[in-house]
Structures are given as structure tokens and as C-alpha cells.
Amino acid sequence: MCGIVGYIGREAAAPILLDGLQRLEYRGYDSAGIAVHSEQNGLQIVKTKGRLQALVDIVSTGKPLTGTMGIGHTRWATHGEPSDENSHPHVSEDGRIAVVHNGIIENYIQIKEFLQGKGVQFRSQTDTEVIAHLLEYYYDGDILQAVASVLHIIEGSYALGIICAEESSRLIAARKDSPLILGYSEKGSFLASDVTAIIRHTRDVSYMEDGEIAVLDENGIRVFNTMLESVEKEHSFVDWEVSAAEKGGYEHFMFKEIMEQPEAIRKTAFSRIVDGRIVFEGLHLNEEFIQSLKKIHIIACGSSYHVGMVGKCNLERLLRIPVEVSLASEFRYAEPILDQDDLVIVISQSGETLDTMAAMREASRLGARTLAIVNVVGSSIAKQAHDVLYTWAGPEIAVATTKAYSTQLVLLNMLGIYFADVRGSLAPAEYDRLIRELLELPAKMEQLLEKNGDIQYYASRYFNHESVFFIGRNLDYALSLEGSLKLKEISYIHSEAYAAGELKHGTISLIVPGTLVVAVGTYGKLFDKAMSNVIEVKARGADVLALTTEDRAPEMAKYVDAVLTVPSADDLFLPNLGVVPLQLFAYYVALHRGCDIDKPRNLAKSVTVE
């Protein structure tokens with residue numbers, strides 16, 4: 001959520017800022033703005049609610065914004081409604097200092113009351129504005145010193161970009177619990193909340209750590225801690241192509257990323273299979289710890305939580321130890337019971353999800369070992385976990401995750417197979433068979449993607465439903481959770497997933513003639529019971545769209561209105577195949593409804609506030 005971009009150098013800042021913000025649109029936002037400074041015109045601010053194009057139109061039709069230093073922001077409202085006044089950048093009362101901010105200032109009310117007592121007049125409802133006024137209060141000719149003073153006062157999470165009209169040769173950045181990236185280039189110095197904003201200009205980046213302050217000028221970047229002591233930063237090279245963050249001829253990023261899933265799985269899995277064996281380079285979990293494991297906790301949010309739900313079924317089957325799945329936003333408030341023989345697996349696409357990060361810290365405080373599964377190299381969760389496994393899915397731009405979900409699921413399955421082998425709970429022949437199944441998975445997924453005509457047809461048939469129910473058992477219930485979420489988040493249809501065996505306990509009262517029920521029945525061991533639940537909802541007049549394996553489709557077709565199929569596979573990998581038709585169904589339904597598929601309303605790609 002929210003996006004930051006900053007630049008200071010030898011080129012015009014405004015075009016760089018606007019281009020960077022366009023590349024951050026996927027993060028979710030409801031307003032946008034930029035601040036540019038020049039010696040001739042001073043600090044120039046343009047901001048507006050709505051889509052970024054509205055800001056671009058204002059800048060292109062108004063007085064040109066001159067200057068080679070500036071900051072930009074896309075805002076997702078937390079404090080105050082979406083409006084021009086609440087948009088960033090926020091400016092100090094004297095007009096000298098401009099600030100953009102991601103995160104939440106938890107003690108902003110106390111600071112605001114203090115400043116109002118000093119006569120400061122506030123223009124917005126935001127927590128961010130207190131930072132601008134507090135900087136003015138402490139400013140005494142040195143903006144770096146003022147920033148350091150302010151950071152000792154504010155509480156909460158922040159990624160900050162700050163410019164001061166009286167110090168036009170430097171741009172200030174600071175972070176705590178919210179991502180911020182520094183970019184190095186002959187053109188100048190860059191600042192961004194996500195590397196996609198600056199990848200067109202530089203691949204040489206470093207990742208700011210909590211408590212760090214950076215001073216950017218046209219010749220380079222210096223980094224300090226909160227005591228203003230110099231910090232040496234390690235540089236990283238971004239090795240993916242700019243085209244990976246572009247549509248490449250597809251109408252939407254979401255569809256492109258659905259189609260990229262087979263290759264993403266190959267990158268995630270195949271490089272970790274050497275001579276038929278799973279190899280996790282850099283994993284510090286020794287065999288003694290794996291063998292002594294008493295319990296696994298999986299902590300995540302949203303689609304990553306659904307990965308955990310599938311993972312619970314698969315890991316318990318492979319390891320025969322209990323696996324508990326917790327929503328990250330609930331975990332640390334539930335007085336969790338952990339010890340040193342527990343492993344906590346945290347899953348986050350961005351590696352910056354604040355609830356997940358806070359839960360991981362709590363787990364570590366309680367003595368558990370933590371293992372992160374993330375996509376973004378150098379992200380906060382990746383750095384703070386005891387161990388990290390990267391999914392290597394490449395940039396995912398659409399807000400609704402697809403390939404991140406699939407690669408997380410594959411990596412969790414691989415971890416289960418690896419652990420089971422170490423623990424001796426998986427026979428060698430079964431191990432070899434599962435590796436063969438894993439290697440066949442991308443090709444089977446490509447078969448699905450090549451035959452999506454039926455899915456398009458059923459989407460055109462069912463897109464006008466306003467309430468949809470997904471039902472399934474065991475693995476199919478876990479898969480249904482993700483299918484339901486995909487549909488609701490991009491089509492805005494009310495959709496819920498239920499364990500099919502729970503229908504009689506209340507849910508079936510909502511099934512009336514014409515209700516669409518998506519019945520997921522890929523899990524062979526419970527297929528007959530799934531069929532019983534299908535018959536139950538058909539008896540109440542439901543339209544049933546079923547998802548099952550090719551070998552069971554004839555039996556399923558006897559009782560339902562329509563059938564989607566996936567190739568047969570081991571139960572372990574069926575959710576990886578089953579999610580593809582559900583993703584495509586959601587996509588085509590949203591397309592028929594005219595929704596903004598890549599940027600669904602009110603949603604953000606990376607949730608960096610609690």
C-alpha cells in the first residue's frame with residue numbers, strides 16, 4: 001500500500017517521479033502527488049485524489065514543474081478520507097519542507113495537540129502532516145539534524161522522503177517497519193518504496209534498515225543511524241528485466257501473471273532439485289532440529305494464509321506432526337504457546353507485510369525458530385527470519401496474487417518432502433515418485449492454460465450472480481478459500497468458501513434456486529462425500545459449477561450443471577493445478593463485469609500497516 005519515489009540529480013525530476021508512480025500503481029492508492037524544487041520557483045506541489053492520470057493531466061496542462069529534486073507519493077487512505085487536502089506530499093506551515101510518508105504514526109494525536117498548542121494550523125486529517133510541522137519546529141538550518149530529532153519522537157511505522165527548500169542539494173530518507181530502497185546511478189540518486197519504480201534508471205540498489213537515515217545528492221548517497229553515525233551499505237544488483245514489470249502485450253497484469261505460473265514454478269523448484277534430490281542452499285536448519293520437530297506453525301495473511309491451509313494438510317500427511325495455521329493479524333494477540341522445538345513458517349509475497357512481520361518477531365521472542373517464504377530479496381521479513389527461502393517468482397504487479405500463491409505452495413510442498421526425508425517418514429520410492437510428479441507439474445499447468453475456452457464461456461454465463469458459494473473438503477476446502485477470495489477481490493461479487501461438511505450447520509439456508517455454487521472435488525479420498533454435498537445443494541435449486549480431475553469428470557457431470565477439469569496428479573500437487581481454473585474464472589468474470597482487474601478498489605498489494 002502507498003508508494004514513494006524520490007530523485008535528485010541532473011535531469012528534470014517531474015517526469016522521473018510520474019513514471020515511477022505509474023510503476024507503483026499496482027500497490028493500491030486513492031490519491032497521488034509530487035513535490036519538485038527549483039532555485040527559480042522554489043517548492044512546487046501538485047496533488048489530487050483519484051487515479052494517477054488525473055495528476056499527470058494537471059502537471060501536463062499547468063505550469064511546467066521545473067527542478068532536479070523531488071518526491072512523489074501514491075496514497076492509500078488510513079487517516080482521513082481520500083481528498084486533495086489529505087493527499088501527499090504534506091508541507092510545513094512555512095512552506096519550506098515537504099514530506100511523503102508510508103506507514104502510521106501511532107502517537108500523532110499527542111504530537112498534533114502539542115503543535116496546535118504552539119499555534120500550528122493543520123490543513124489535513126492525516127497523521128503524516130504532524131511530521132512536516134514537527135520538522136519545521138526543529139529545523140535550525142540543518143534538515144538532517146531536524147529529521148534525527150523528529151525520529152526520536154514519532155512512534156509507529158514509517159518510510160519517509162523529505163525535501164527542504166533551503167537545502168536544495170540534498171534529499172532525506174528514513175525508514176522503520178516500512179520498505180525503502182536506495183538507487184545509485186550516473187543520473188543521480190533515487191529513492192523508492194519498491195524497486196519497480198526505479199528499475200528503468202538503475203539496477204544498483206541497497207535496502208534501508210530500520211532506524212537508518214539516508215542523505216541523497218546528485219553524486220551519491222550517505223547513510224546514517226539515528227545517532228547520525230555513518231553506516232556502510234551493501235549494494236545489490238536487480239537481475240530481472242524491465243519487461244518483467246510490463247504487460248508484454250497482455251491486456252492485464254493479472255492475466256500475464258497467471259500465464260507465467262508454469263515458468264515461475266520451474267524457477268522456484270527446478271534449480272533446487274539436483275540429481276533427483278531437493279537441495280536448499282543456505283538453509284541453516286540442521287537434521288537434528290528437523291528430526292526433533294514437535295510442531296509447525298504457519299503464519300500468514302490473505303492468499304498466503306490459504307497457502308498455509310493447504311500446507312497444513314500436506315505437511316501433516318508427510319511429517320505426521322501437528323501443523324497449526326494462524327492469521328498473522330491474530331497470532332500475537334492470542335498468547336501463542338511456542339518453544340524451541342517448534343518451527344514457525346511465515347509466508348509473505350512482499351516480505352513487508354506488517355502483521356506478518358510483527359507475528360514473526362513475537363514467535364522469535366518466544367524462542368521458536370523462524371523460516372520465511374518470501375518473493376522479494378532483501379525484504380524486512382527475509383532479513384529478520386532465522387532462515388529464508390525465496391520463491392523467485394519475479395515481480396508480481398497485479399494486486400490479486402496468482403504466481404506468488406503458486407510458487408509459495410510449491411516451495412512449502414518441497415519443504416515438506418525435504419523434512420519428511422530427513423525424518424524418515426517418507427519411503428525412498430515415494431520420495432522419488434513425488435519428485436517426478438513435481439517435475440511434471442509445470443507441463444500439466446501449461447495444458448490447463450492452453451484450454452481456457454470453457455472457463456471463458458462459464459464466466460460469461462455466471463458473471464451476473466451477486467452471491468457465490470465455494471464448497472470443498474480437506475485440500476479442496478483450502479483451495480476453495482483461495483478461489484473465493486480471487487473472485488470477490490477483483491469482481492466485487494459476494495463470495496464465501498465453506499467446508500462442504502458444514503453445509504447442514506447453517507450455510508445451506510442460504511442456498512436458494514439459482515444460487516451459484518462452485519463445488520471443488522479434486523481430492524480423490526473424499527470424492528464420494530463431495531458428491532453427496534453437491535446433491536444436497538442441487539436439491540435446493542443451486543446451479544453447480546464443479547472442478548474435478550479428468551478421470552472423475554464423467555461421474556461428476558451426472559449431477560452438476562458444468563464441469564471444469566484438471567489433469568490427474570498426486571494429492572500433494574492438486575491444489576497447484578486446481579487454483580488455475582479458479583484464477584481464470586475470477587479473471588473472466590471480472591472482465592465481463594468491467595472491473596479494474598489489476599487495481600481492485602480499496603485493496604493494496606503490500607499491506608504495510610496493521
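User: How many bridges join strand β2 to strand β4?
Analyst: Seven of them, between residues 31–38 in β2 and residues 69–75 in β4, and the two strands run antiparallel. Keep in mind that this is a predicted model.

User: Ok, and what stands opposite alanine 32?
Analyst: That's threonine 74, over in β4.

User: What's the strand order in the open sheet?
Analyst: Eight strands with antiparallel pairing, in the order β3-β2-β4-β1-β10-β9-β11-β15. The edges are β3 (42–49) and β15 (236–237), each pairing on one side only.

User: Which strands does helix α1 lie across?
Analyst: Helix α1 (residues 13–23) lies across β1 (3–9), β2, β4 and β10 (188–192), at about 160 degrees to β2. Helix α2 (residues 52–61) lies across β2 and β3, and runs at about 140 degrees to β3.

User: Switching to packing. Which residues touch the most other members of the largest nonpolar core?
Analyst: Ile296, Ile345, Phe419 and Phe585, out of 97 residues in that core. Another core lies apart from it, with 31 residues, including Ile97, Phe122, Leu135 and Leu160.

User: What is phenylalanine 585 in contact with, leaving aside neighbours within four places in sequence?
Analyst: Ile455, Tyr458, Ala459, Tyr462, Leu487, Leu516 and Leu545.

Definitions and conventions. Residues are numbered from 1 along each chain as its sequence is written. This is a predicted model: local features need pLDDT of at least 70, side-chain atom pairs count only at pLDDT 80 or more; totals for chains, interfaces and linings use all residues. Side-chain values use heavy atoms; hydrogens and water are left out. Two strands pair if DSSP finds at least two bridges between them. Helices (H or I, at least four residues) and strands (E, at least two) are DSSP runs, numbered from the N terminus. Contact means heavy atoms within 4.5 Å. Axes are lines fitted to C-alpha atoms, for helices over the stretch in contact, and angles run from 0 to 180 degrees between N-to-C directions. A nonpolar core is a set of buried Ala, Val, Leu, Ile, Met, Phe, Trp, Tyr and Cys residues joined through side-chain atoms within 4.5 Å. Buried means under 20% relative accessible area, exposed over 50%, partly exposed in between (1.4 Å probe, protein chains only).
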